[in-house]
Amino acid sequence: MTDEQKLEKAIMVYAQLCNNLDARNWHYEKDDEKLRITCGAQGDDLPMRLVWRVDADRQLISLMSLLPCITTPEQHEDFAVALCAVNNKLAHGCFDYDLERGGIFYRMTNSFLESDIGDDMLSYMLVASFRTIDDYNDKLTMLQQNMITLEDFLAAIAD
């Protein structure tokens with residue numbers, strides 16, 4: 001596939017994402033040049049913000065959300081354990097941990113290389129990501145603010 005064909009396919013996926021959000025009457029900001037969309041929602045307790053990116057070179061659509069808690073170096077070990085425990089429960093997407101800055105991100109990615117991304121997949125990515133972030137952002141924030149211990153966190157997410 002040539003670079004031009006990759007870009008054409010990425011633009012089609014980006015337009016499909018915009019149309020999907022428009023059909024939901026969802027408010028979002030878009031950057032047509034960078035094939036990037038930013039949108040948000042209010043969760044049960046904390047607001048959530050998603051950044052969607054369509055990557056023409058790698059033929060990927062991904063979304064990422066920065067959680068509202070920044071950890072300290074003293075918390076790195078607890079958060080590494082906590083996020084591993086959470087990620088082991090997730091069917092799709094994962095939480096990434098930036099040890100250098102202490103940031104926590106949720107990320108979900110799908111490929112459209114030699115395939116099509118349908119509206120159902122885009123809807124799934126939107127709903128599943130917000131649901132997953134909402135399920136864990138409050139518990140992770142409480143852990144970061146020392147309102148709960150790692151043991152309390154692990155108990156709270158146990159099946």
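These legends walk you through several close-up views of a predicted model.

**View 1. Six strands lie side by side in an open sheet.** Let's start with the sheet, whose strands follow the order E1-E2-E3-E4-E6-E5 with antiparallel pairing. At its edges you will find strand E1 (28–31) and strand E5 (94–98), each of which pairs on one side only. On average, neighbouring strands of this sheet are turned by 25 degrees against each other, direction ignored.

**View 2. E1 and E2 form a hairpin.** Four residues sit between the two strands, and leucine 35 in the turn has a positive phi of about 50 degrees. E1 and E2 run antiparallel and are joined by four bridges. To find your way along this pair, look for lysine 30, which stands opposite isoleucine 37 in E2.

**View 3. E2 and E3 make another hairpin, with four residues between them.** Strand E2 covers residues 36–42 and strand E3 covers residues 47–55; they pair in the antiparallel sense over seven bridges.

**View 4. Side chains alternate along E3.** Which residues of E3 point to one face and are buried? They are Met48, Leu50, Trp52 and Val54.

View 5. One of the pairings to look for is valine 54 with its bridge partner in E4, isoleucine 61.

**View 6. Helices H1 and H3 cross.** H1 spans residues 3–23 and H3 spans residues 119–144; their axes come within 10 Å and cross at roughly 65 degrees. Because of this angle, H1 counts as roughly perpendicular to H3. The crossing of H1 and H3 is right-handed. Which residues meet here? From H1 come Gln16, Leu17, Asn20 and Leu21, and from H3 come Asp119, Leu122, Ser123 and Leu126. Sorted by class, this contact of H1 with H3 has four nonpolar, three polar and one charged residues.

**View 7. Helices H2 and H3 pack against each other.** H2 is made of residues 76–87, and its axis lies 11 Å from that of H3, at an angle of about 165 degrees. The two helices, H2 and H3, are therefore roughly antiparallel to each other. Their crossing is right-handed. On the H2 side, the contact is made by Phe79, Ala82, Leu83 and Val86, and on the H3 side by Tyr136, Leu140, Leu143 and Gln144. The residues of this contact divide into seven nonpolar, one polar and no charged.

Notes: Residues are numbered from 1 along each chain as its sequence is written. This is a predicted model: local features need pLDDT of at least 70, side-chain atom pairs count only at pLDDT 80 or more; totals for chains, interfaces and linings use all residues. Side-chain values use heavy atoms; hydrogens and water are left out. Axes are lines fitted to C-alpha atoms, for helices over the stretch in contact, and angles run from 0 to 180 degrees between N-to-C directions. Angles under 35 degrees count as roughly parallel, over 145 as roughly antiparallel, 65 to 115 as roughly perpendicular and the rest as oblique. A crossing is left-handed if the near helix is turned anticlockwise from the far one by less than a right angle, and right-handed if clockwise. Contact means heavy atoms within 4.5 Å. Ala, Val, Leu, Ile, Met, Phe, Trp, Tyr, Cys and Pro count as nonpolar, Asp, Glu, Lys and Arg as charged, and the others, Gly among them, as polar. Two strands pair if DSSP finds at least two bridges between them. Buried means under 20% relative accessible area, exposed over 50%, partly exposed in between (1.4 Å probe, protein chains only).
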